[in-house]
Amino acid sequence: MPTAAEIIKEKGYTPEQIQLGQWLFFEPRLSRSHIISCNTCHSVGTGGADNIPISIGHGWQHGPRNSPTVFNAVFNAAQFWDGRAADLKEQAKGPVQASVEMNNTPDAVETTLRSMPEYVELFGKAFGVESDPVTFDNMARALEAFESTLVTPNARFDQFLAGQPTLDEQELKGLNLFINKGCIACHSGVNVGGQGYFPFGVIKKPGAEILPPNDKGRFTVTNTASDEYVFRAGPLRNIALTAPYFHSGEVWDLEQAVAIMGSSQLGHELDADEVKAITAFLHTLTGEQPQVVYPTLPRSSIDTPKPQQ
């Protein structure tokens, strides 16, 4: 897995863009209520997710799906469970405007940011070639820059791939099962998933509590019948830190999630030892967590819009 420094160099992000993105990631005034920030649902202290089944947004509304981790999201082929956002920039605009999340508008966000001189100054440093750099689009560009640095390299599995004997006998058994049982068909690539779309229930559909019948997945994006109950394969890095599991967030135990995947996706009723071994291997995918300092944000001015319910 590339390091944050390698990603920054490859994509050409500047320190000012990353700093601005970090401020904005923790900025609750992007939300209509001034309560909810990106970090609310993608907490950098809890694996990049919020560790509850369904995130809570504006007015205590519940969103439709479990919040995916932001860690290593830069490596996914697309964002959201249904892949409706092509990249992190596009994804960043969605929750800010969603009525069940931040419930704000681009105009209101721009007015809020322009009301604070420190933001105006940093937007100018980050995107100074533009006549008016404080824009909703640049907000999303800055968030993309910061979120692209939230990677977790040097997991024990990475060390194993580099030739070090970091996996024990049970973990090696789990790796072999992960490959030979077919898990790797969907969960591959640098993020061990996140690269393709697959039906949930290739062999046998799980119960309605795990696969809610009213959430048809990628069908809502493509309006194609074959995409009903199709979702992006979840990336498995740091999976041990991001319970509960699946888009419904209804499974709290990683061993149970492994067993469900075996029967639903592969047609294998994994025995207890196989489940434990695969789960042990999945724990080796936990990498070095980003060390993020919570920023001291600019204070509101007399012109900053007031919070709204």
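1. Helices (H or I, at least four residues) and strands (E, at least two) are DSSP runs, numbered from the N terminus. This is a predicted model, in which local features need pLDDT of at least 70 and side-chain atom pairs count only at pLDDT 80 or more, while totals for chains, interfaces and linings use all residues. Residues are numbered from 1 along each chain as its sequence is written, and side-chain values use heavy atoms, with hydrogens and water left out.

2. Trp 60 sits in the loop between α3 (38-41) and α4 (88-97). Its phi is near 60°, a positive value in a residue other than glycine. Trp 60 counts as exposed because its relative accessibility is 70% (buried is under 20% relative accessible area, exposed over 50%, partly exposed in between, with a 1.4 Å probe and protein chains only).

3. Tyr 229 is not a glycine either, yet has a positive phi of about 60°. This residue is in the loop between α10 (219-222) and β2. At 16% relative accessibility, Tyr 229 counts as buried.

4. The peptide bond that joins Ala 243 and Pro 244 is cis, with omega about 0°. Pro 244 is found in the loop between β2 and α11. Most peptide bonds are trans, and most residues other than glycine have a negative phi.

5. On a 1 Å grid over the protein atoms alone, a cavity is a set of points where a 1.4 Å probe fits but cannot get out; a pocket is an open set with protein on both sides within 12 Å along at least five of seven lines, and lining residues have an atom within 4 Å of a point. Grid points are joined across faces, edges and corners, and a volume is the space filled by probe spheres set on the points.

6. The structure has 1 cavity of 30 Å³ or more, and the volume of the largest cavity is about 720 Å³. Its lining has 40 residues, with His 187, Gly 234, Leu 236, Phe 246 and Met 261 nearest the centre. α11 gives the largest share of that lining, 7 residues.

7. The largest pocket holds about 650 Å³ of space. It is lined by 36 residues, and His 42, Pro 68, Phe 80, Pro 95 and Glu 101 are the closest to its centre. α3 and α4 are the elements that give two or more residues to this lining.

8. The second largest pocket holds about 220 Å³. Trp 60 is one of its lining residues, which also include His 58 and Gln 308.
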